[in-house]
Amino acid sequence: MKENVFIFIQVLFDIILFAYLLWQKYINSKLNNSYSSLIASIKTLLNTQKDMIELANKKIESQQESLALLLDDVRQKNSVLTELIKSVKIKTFENDTKEKILQMFRQHLSIEEIANKLDIPKGEIDLIVKLYKGVE
């Protein structure tokens, strides 16, 4: 009878152990499926992000090209404006100087006195006086 109980307990233990091993195999199989599904989802997400990054890089390159063209245009316009400003400054200086010379000449200063005060060669003073003396 003791042997029967021992055999019964041994068989019961073996059945429980077998059931436990089957359960573990089932759980491991489910976990492996979950891991595989998770890995597949992560791969899909990474590929989507890679595609988005490539698209963003293309847009950035396009914007950089547009900005480069715009910068070239701004540089060209800046060059033209710089030349225009220089021209205006020169004309303004020439007109102001011419007016000063003629005003001093009308105040009966000599060409030599005007040249000394304005630090301009006498020949230029003489030329301006002769050109504009009767014009105004």
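This text walks through the predicted model from its overall form to single residues. Residues are numbered from 1 along each chain as its sequence is written, and side-chain values use heavy atoms, without hydrogens or water. Because the model is predicted, local features need pLDDT of at least 70 and side-chain atom pairs count only at pLDDT 80 or more, while totals for chains, interfaces and linings use all residues.

Start with the fold. The protein chain has 3 helices and 0 strands. Its elements run α-α-α from the N terminus on. The radius of gyration is 49 Å, well over the 14 Å that the globule rule gives for 136 residues, so the protein chain is more spread out than a compact globule. That radius is taken over C-alpha atoms, and the globule rule is 2.2 Å times the number of residues to the power 0.38. Helices (H or I, at least four residues) and strands (E, at least two) are DSSP runs, numbered from the N terminus. Along the principal axes, the C-alpha atoms fill a box of roughly 150 × 25 × 20 Å.

Next comes the surface. Of the 136 residues of the protein chain, 9% count as buried. Buried means under 20% relative accessible area, exposed over 50%, and partly exposed in between (1.4 Å probe, protein chains only). The protein chain exposes about 12,100 Å². Carbon and sulfur atoms supply 63% of that area. Areas come from the Shrake-Rupley method with a 1.4 Å probe; for residues, only the protein chains shown count as cover.

Contacts and charges follow. Among contacts (heavy atoms within 4.5 Å) between residues at least 6 apart in sequence, 44% join residues at least 24 apart. The protein chain carries 19 positive and 18 negative charges, and their mean positions are 5 Å apart. Lys and Arg count as positive, Asp and Glu as negative; His and the chain ends are not counted. Each charge is placed at NZ of Lys, CZ of Arg, CG of Asp or CD of Glu.

Now to helix 1, which spans residues 2-106. Rings of Phe, Tyr and Trp (its six-membered ring) pair if their centres lie within 6.5 Å; planes under 30 degrees apart count as stacked, over 60 as edge-to-face and the rest as tilted. By this rule there is 1 aromatic pair. Trp23 and Tyr26 form it, tilted, at 5.8 Å centre to centre with 35° between the planes. The two are 3 residues apart in helix 1, so about one helical turn separates Trp23 from Tyr26. Tyr26 is partly exposed, at 44% relative accessibility.

Two further residues of helix 1 give a sense of distance. Glu61 sits in helix 1 and is partly exposed at 47%. Glu61 and Leu31 are 30 residues apart along the chain, and their C-alpha atoms are separated by 44 Å. Lys86 also belongs to helix 1. Its relative accessible area is 45%, so Lys86 counts as partly exposed. Lys86 and Lys130 are 44 residues apart in sequence and 27 Å apart in space, C-alpha to C-alpha.

His108 lies between helix 1 and helix 2 (111-118). It has a positive phi of about 65° although it is not a glycine. At 73% relative accessibility, His108 is exposed. Asp119 lies in the loop between helix 2 and helix 3 (122-132). Its phi is positive, about 55°, and Asp119 is not a glycine. Asp119 is exposed, at 70% relative accessibility.
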